[in-house]
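The exercises below are meant to be worked through with the sequence and the coordinates open side by side. Each one sets a task and then gives a solution in steps.

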Amino acid sequence: MILRARRERVILKWSEARSIHQDKWLLFEAIGAYSKDGQRIVEEISVINTFDDGKDALAEYAEQHKKDKSREIYVYHTSNENLQIAERKWIGVRAYGQIET
């Protein structure tokens with residue numbers, strides 16, 4: 001197993017993260033990712049945090065996403081052999097804050 005560090009982050013393949021963090025929920029950032037046939041293909045990840053409980057992982061995801069929506073972060077359980085992330089198409093307009101008059 002080869003661990004690579006970028007800017008104080010440990011960069012892993014999903015298979016490496018699964019072997020290190022067995023039977024855990026991972027909150028991770030996609031480092032190397034691209035789209036193909038409606039799927040998000042994630043080649044490398046940086047683990048942000050690990051959890052025993054999926055609800056805790058999702059709560060942390062919401063907090064992280066609120067802080068920085070530009071980061072590509074996910075919650076996934078290491079019991080899954082492969083990452084299967086379907087892309088979602090968003091239709092509509094999101095409002096951030098109120099309009100001042």
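**Exercise 1.** In this predicted model, find the residue that stands opposite Glu-29, and then describe the sheet around that pair.

*Solution.* Begin with the pair itself: the residue opposite Glu-29 is Ser-46, which belongs to β4. Next, look at the strands concerned, where β3, spanning residues 25–36, and β4, spanning residues 39–51, are paired in the antiparallel sense over 11 bridges. Then widen the view to the whole sheet, an open arrangement of four strands in the order β5-β3-β4-β6 with antiparallel pairing. The edge positions are taken by β5 and β6, each of which has a single partner strand, so one side of each is left without a neighbour in the sheet.

**Exercise 2.** Determine which strands helix α2 touches and how its direction relates to that of β5.

*Solution.* Locate helix α2 at residues 54–67 and follow its packing on the sheet, where it touches β3, β4 and β5. Comparing directions then gives an angle of about 175° between α2 and β5.

**Exercise 3.** Decide whether Thr-78 is buried or exposed, and list what its side chain reaches.

*Solution.* First place the residue: Thr-78 sits in the loop that runs between β5 (73–77) and β6 (85–86). Its relative accessibility is 3%, and since buried means under 20%, Thr-78 counts as buried. Now follow the side chain of Thr-78, which reaches the backbone oxygen of His-21 at 2.9 Å and also the backbone nitrogen of Asp-23 at 2.9 Å. Finally, collect the surroundings: leaving aside residues up to four places away in sequence, Thr-78 touches Trp-14, Ala-17, Arg-18, His-21, Gln-22, Asp-23, Lys-24 and Leu-26.

**Exercise 4.** Examine phi for Asp-23 and for Asp-37, and state where each residue lies and how accessible it is.

*Solution.* Take Asp-23, whose backbone nitrogen is reached by the side chain of Thr-78; its phi is near 55°, a positive value in a residue other than glycine. Asp-23 is placed in the loop between α1 (14–20) and β3, and with a relative accessible area of 59% it passes the cut-off of over 50%, so Asp-23 is exposed.

Notes. Residues numbered from 1 in each chain as written. Predicted model: local features only at pLDDT ≥ 70, side-chain atom pairs only at ≥ 80, totals over all residues. Heavy atoms only, no water. Helix = DSSP H or I, 4+ residues; strand = E, 2+ residues; numbered from the N terminus. Buried < 20%, exposed > 50% of the residue type's maximum accessible area, 1.4 Å probe, protein only. Polar contact = N/O pair within 3.5 Å; in protein donor to acceptor, adjacent residues only side chain to side chain. Contact = heavy atoms within 4.5 Å. Pairing = 2+ DSSP bridges. Axes fitted to C-alpha atoms, helices over the stretch in contact; angles between N-to-C directions.
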